[in-house]
Amino acid sequence: MAEKVIYAMYDDDDVLKDGAKKLVAKGIKVADVFSPFPVHGIDPIIGVKNTRLGIMSFLYGLGGLTLATIGMRYFMIVDWPMNIGGKPSFSYLENMLAFIPISFEFTVLCAAHFMALTYLIVNRTLPGMPARNPDPRTTDDKFVMEIRTSDNTGFSYEEIEGMLKETGIIELDQKEVK
Amino acid sequence: MHKEAAIREPLILGHKTYHQITEDICGPIEDKAPRMWYVLFSIALIIGLYGVGCIMYLLGTGIGVWGMNKTINWAWDITNFVWWVGIGHAGTLISAVLLLFRQRWRMAINRAAEAMTIFAVFMAGIFPLIHMGRLWVGYFVMPIPNHFGSLWVNFNSPLLWDVFAISTYLSVGFVFWYIGLIPDFATLRDRAKKPVSKRMYSILSFGWSGRAKQWNRFELVSLVLAGLATPLVFSVHSIVSFDFATSVIPGWHTTIFPPYFVAGAVFSGFAMVQTIMLILRKAMKLEAYLHTKHIEYMNIVIMVTGSIVGTAYITELFVSWYSGVEYEGYAFFNRATGPYWWAYAAMMTCNVVSPQLMWFKKLRRSMLFTFIISIVVNIGMWFERFVIIVTSLHRDYLPSSWSMQYPTHIDIGVYIGTIGLFFTFYLLFARFFPVMPIAELKTILKTSGESYKNAPDTHHGHDEQH
């Protein structure tokens, strides 16, 4: 049997959410949802795990802070200590107050930029990438639920179609995947 | 789903649907530009190019073409720099701080305000670069290994902190803005009919598809960027104020500067947002999304920050007397009564008196009044920086060094030129980019839209437990 992808289209986010809930309760696996804006509460229903980008951002920030500290210690303490009014210039700790602004800025710089970069890469959204939404209207006012027959081997195509029709869809489309 | 009190004014007026929001915001971009746009764009471009010409002349000749002298060694250049950076504070404040506080009215203005921030900070960045005089050695401010031996930049210097602060702010602000733009570019891409615009928007949208996982990441990234940008906003203008506060010039050597500068920045930034948005909402027919309530909210912010600024002015005066430092006292006495009294008077009137008028509900809900005050505030904030910088310098310790600052036509040309360039960029933005976050507006339609807000619950709202 050829694998089929079913695209069920809704025109309201709440109807889609209720539909997804009912389908999941019956044991259907919903592969994905395409929507024009974040539909709150859909992720736990269709089993999308929360992203860990926040942790990554923290780590990137920590990396930035470390780099800034190492750098400034090397420039200002080790390599070329400056004599400013005879104040101690041989220890990082005693001079740290002056280094706080740049430590902070560099932490934010690294956390923000590397997180954004990671976000674009894991999202597969980079310049020149092709769009993968099944219908151009999903970026306007339509919501599409994607169900794959290969994920739902316990049900026949007709069964899935029947269940979908009860959830208030406005259009149904399907595609063969070789 | 979040429920809003019925008494709260709706944020989106009229009977909008999801599709109508898309139409309203994409429509003006897809249509032909009105003639007025070409007129304004040409004017802005000509002024901007004149400014570029002045900068070229300045770089070719040297900064002696500015009206500065041995006593007054900072004047219009740094005044303009601080003025632009200040204006550039509203965008991130609106999109980051208000996002953390879950203020939904920010959705109407955040995109346009962020764009304003980026262009304003970009204009600000021009001034420290050109005031180096030799722009081609500007890379000296970066801590890079060089051929002079172990000669590093001075990490103790607030001027270097400024380099890091401004470049971080500009680049993080840009990333924040662009990440929000990606889904809206996808909307434009999927609607585009002409092949050229389809191609352009599909490059700009990075292939965004709107999958559940993508939105999940999108929301977290926005939140984390807001969390990072919030302290960044406060740090940037604090660091700008350190340029003055860590010096030993009477009139600059003041610990109140960081909070006072930040409040002033938000004050002038919101005023600039008002100036631009009042025109934009009319020109692009977005009155349903940005109406009196939004204007009122922004005016309240202007009133509060204006009062903070006013309090800071008075505190500064008091402390200059209370400190018992003769020079400090003189600097402030001279500010108010010396040869630059008119600048001080302009600053006091525009920044202290005018925002207090916002206590009157009728005035703060009036579009015309808001528009006038928003311009007055920005004139006042320019004078504030001029007063701080020039009047503190022009009376040196030695009376033989006393001097006055007279701007040359290059001073004026560069300043006016940056305003021209700013509006050139802004008009391009308003022409080709969605000026309101389409996706985010759709998320608040059901909670804050007029047609949904107080309608009986038709959808199964009861099984939403969060």
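Two strands count as paired if DSSP finds at least two bridges between them. Strands themselves (E, at least two residues) and helices (H or I, at least four) are DSSP runs, numbered from the N terminus. With that in hand, β1(A) and β3(A) pair in the antiparallel sense, over six bridges. What is described here is a predicted model, in which local features need pLDDT of at least 70 and side-chain atom pairs count only at pLDDT 80 or more, while totals for chains, interfaces and linings use all residues. Residues are numbered from 1 along each chain as its sequence is written, and chains are lettered from A, and ligands numbered from 1, in the order in which they are written.

Now for the strands of chain A. A residue is called buried if 20 or more other C-beta atoms lie within 10 Å of its own, exposed if 12 or fewer, and partly exposed in between, with C-beta atoms placed from the backbone. Five of the six residues of β3(A) (143–148) are buried, so this strand is largely enclosed by the rest of the structure.

Confidence is given as pLDDT, the predictor's own score for each residue, from 0 to 100. Chain A has a mean of 86, and 98% of its residues reach 70 or more. Within the chain, the lowest mean, 79, belongs to β4(A), and the highest, 92, to helix α3(A) (53–79).

Chain A is split into domain 1 (3–48 + 134–177) and domain 2 (53–122), with bounds from an automatic or database domain assignment. Taken over C-alpha atoms, the domain centres are 47 Å apart. A nonpolar core is a set of buried Ala, Val, Leu, Ile, Met, Phe, Trp, Tyr and Cys residues joined through C-beta atoms within 7 Å. The largest one has 181 residues, and those with the most contacts inside it include Val33(A), Ala112(A) and Val273(B). Helix α6(B) (158–191) gives the largest share of this core, 17 residues. Both domains of chain A contribute residues to this core, so it lies between them.

Two residues are in contact if their C-beta atoms, placed from the backbone, lie within 7 Å. The contact between the chains takes 59 residues from chain A and 55 from chain B. On the chain A side, α4(A) gives the most, with 16 residues. Leaving aside neighbours within four places in sequence, Val273(B) is in contact with Ala90(B), Ile109(B), Ala113(B), Met116(B) and Met298(B).

Elsewhere in chain B, helix α2(B) (35–61) has 27 residues and reaches 39 Å from first C-alpha to last, close to the 39 Å expected at 1.5 Å a residue; the expected span is 1.5 Å times one less than the number of residues. Among its buried residues are Ala44(B), Cys54(B) and Leu58(B), and their cover includes α5(B) and α15(B). Just after this helix, Gly62(B) takes a positive phi of about 125°. Arg385(B), in helix α14(B) (367–394), is buried, with 24 other C-beta atoms within 10 Å. Not counting residues up to four places away in sequence, Arg385(B) touches Thr79(B), Val82(B) and Trp83(B).
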